[in-house]
Amino acid sequence: MSSDSPAPSAPVRWIRFPLSAKILVWFFVNLAFLGIVGWIFVRAQFRLGLDSLLAGPANERLQAMAEVVVVQLNERPPANWPAVLQSSADAYRVQVALYRNDGSRLAGEIAEPPAAVIERITAPRKALLQGGSRESRRDSPSPGNPPPEPPPSGMPLPSNGFPKSILHTTQPALYWVLIRVPVPDRQNHQPMRCTLIVATPSLSGNGLLFDVKPWIIGAAVVLAVSVLLWLPLVRGITRALRQMTGTAEAIAQGRFDTTVHTTRADELGRLATALNHMAGRLREFFTGQKRFLGDIAHELCSPLARMEMALSILDQRADETQHSYVADVREELRQMSSLVNELLSFSKAGVGGKNVELKPVALAELAYRVVARETQDSGEVVVDISGGLTALAEPDLLARALGNVVRNARRYANPSPADGGKDGPQKYSYRPVRSNKGGVTGPITVSAVESGPDVVISVEDCGPGVPEEALHRLFDPFFRPEAARTRETGGTGLGLAIVKSCIEACGGSVSVKNRQPNGLQVDFTLRRAQRS
């Protein structure tokens, strides 16, 4: 492979969202989409514009403001009119001005209205045809309906409200509200036809035109009710899926006695029932397979024993040239006997697991006994377990599991070639090293620590480890990480499978991981025994 070839790109990791969040987000997106479509449809059908705001509460607020202004203008001289308009502008935080209907300013500080606003003021009929309120259209002048005269000073205000209209300009970017109001002309003693102008940069007009608070409250109520209505459904679906996911993961790990407890009568209930049925069938198949292997192994013990006896007799009667052949057959027979014994152990650990009686086991004492048996007290394995640590287990099964792991670690940790060259026989050396605390750690360490209500027993070595892709298969029967291993170097492939069966029979679990920078670590997790 050339050095110029591009490096493989890292896999893209997508952000994971729970199913409940996806359902709620999709619901709100759908709700927003329906709202937008509904608004477009209503606007297309009824030709809604800015003047549609005057059909609601905005018309009442504008009418109330205009009535206050008109009353104050009637009561005060023209010199005080700018103060009246400024008071209303400050109260509503908008700009207010008063114009004659010929386009001349009477009072108020406001930006110079653009041509569209002046045109709407000076040409009321054209402005009202472009779009005004109901009151504007009703009171607009026509050949058969002349415009009503505004009431003089001191006369009551019109009961049907002042004509109003709204338009929007971009230069300047303002919303303009035009309100036809009667203003007293003290010189001519008759009312003037004027327009009260309200200018604001936002459509809400600080609550004068459009009050956003009721909409926010209404949207919050709709969302809250929607969430309350959907939450039970979403929680029920996700709860059932979580239970089935946990059950499927447990089945994948070989715990076939795990079931889903649900009373649902829908598709999820059918899926849960199917999972329970599948777990039961797998449990029966797995138990039957182990029992079958045990039966076969048991039946093979007698013929193997007879063959061993026959070979001994044959060896006594064979001449010198035949002894090597008998030795080869005897070695093959011993390999078969070892395999049969492993099959018996594997079958007993799996089938008899439910009848195991758990008891408190002193882990330090058991570990020392197992290490002494496997290493003949050679000091190759270091035990680091406190004397008072106990766990619930069956002593023989735990000892068998720990012995198998220690035996594997001794077999594969720190290999070094012996005499005979690269292809000669192999032996294994163990070089203990000093830890930072001054104690001997060695290449193989057996330790145990408390982890909440559990106890974790660890066996660590300094060997080459196992390929990452093979870690999850180490406890499968007859699996060997390296295809080149033979019976002499790789065993039968049942050692770790027996370990898993023994630990699960004790109500625990087993896991394995590679150490850094090298080595392998096998962990047993068992329930901690209560201290007396």
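The crossing of helices H2 and H3 is right-handed, a crossing being left-handed if the near helix is turned anticlockwise from the far one by less than a right angle and right-handed if clockwise. The model is predicted, and local features need pLDDT of at least 70, side-chain atom pairs count only at pLDDT 80 or more, and totals for chains, interfaces and linings use all residues. Residues are numbered from 1 along each chain as its sequence is written, and side-chain values use heavy atoms, with hydrogens and water left out.

H2 spans residues 57–75 and H3 residues 81–92; the two pack at an angle of about 155°, with their axes 10 Å apart. Axes are lines fitted to C-alpha atoms, for helices over the stretch in contact, and angles run from 0 to 180 degrees between N-to-C directions. Helices (H or I, at least four residues) and strands (E, at least two) are DSSP runs, numbered from the N terminus. H2 and H3 are therefore roughly antiparallel to each other (angles over 145 degrees). On the H2 side, Met65, Val69, Gln72 and Leu73 meet Trp81, Val84, Leu85, Ser88 and Tyr92 of H3, contact meaning heavy atoms within 4.5 Å. By class, this contact has 7 nonpolar, 2 polar and no charged residues; Ala, Val, Leu, Ile, Met, Phe, Trp, Tyr, Cys and Pro count as nonpolar, Asp, Glu, Lys and Arg as charged, and the others, Gly among them, as polar.

An open sheet is formed by 5 strands in the order E2-E1-E5-E4-E3, with antiparallel pairing. E2 and E3 (164–170) stand at the edges with a single partner strand each, so one side of each is left without a neighbour in the sheet. Neighbouring strands are turned by 35° against each other on average, direction ignored. H2 packs on this sheet, touching E1, E3, E4 (173–185) and E5, and its direction makes about 40° with that of E4. H3 lies across E1, E2, E4 and E5 and runs at about 140° to E1.

Within the sheet, E1 (residues 95–100) pairs with E5 (residues 190–200) in the antiparallel sense over 6 bridges; two strands pair if DSSP finds at least two bridges between them. Val198 in E5 is the bridge partner of Val96. E1 is also joined to E2 (residues 105–107) by 2 bridges, again antiparallel, and Tyr99 stands opposite Arg105 in E2. E1 and E2 form a hairpin with 4 residues between them, and Gly103 in the turn has a positive phi of about 95°.

Terms used:
Parallel < 35°, antiparallel > 145°, perpendicular 65-115°, else oblique.
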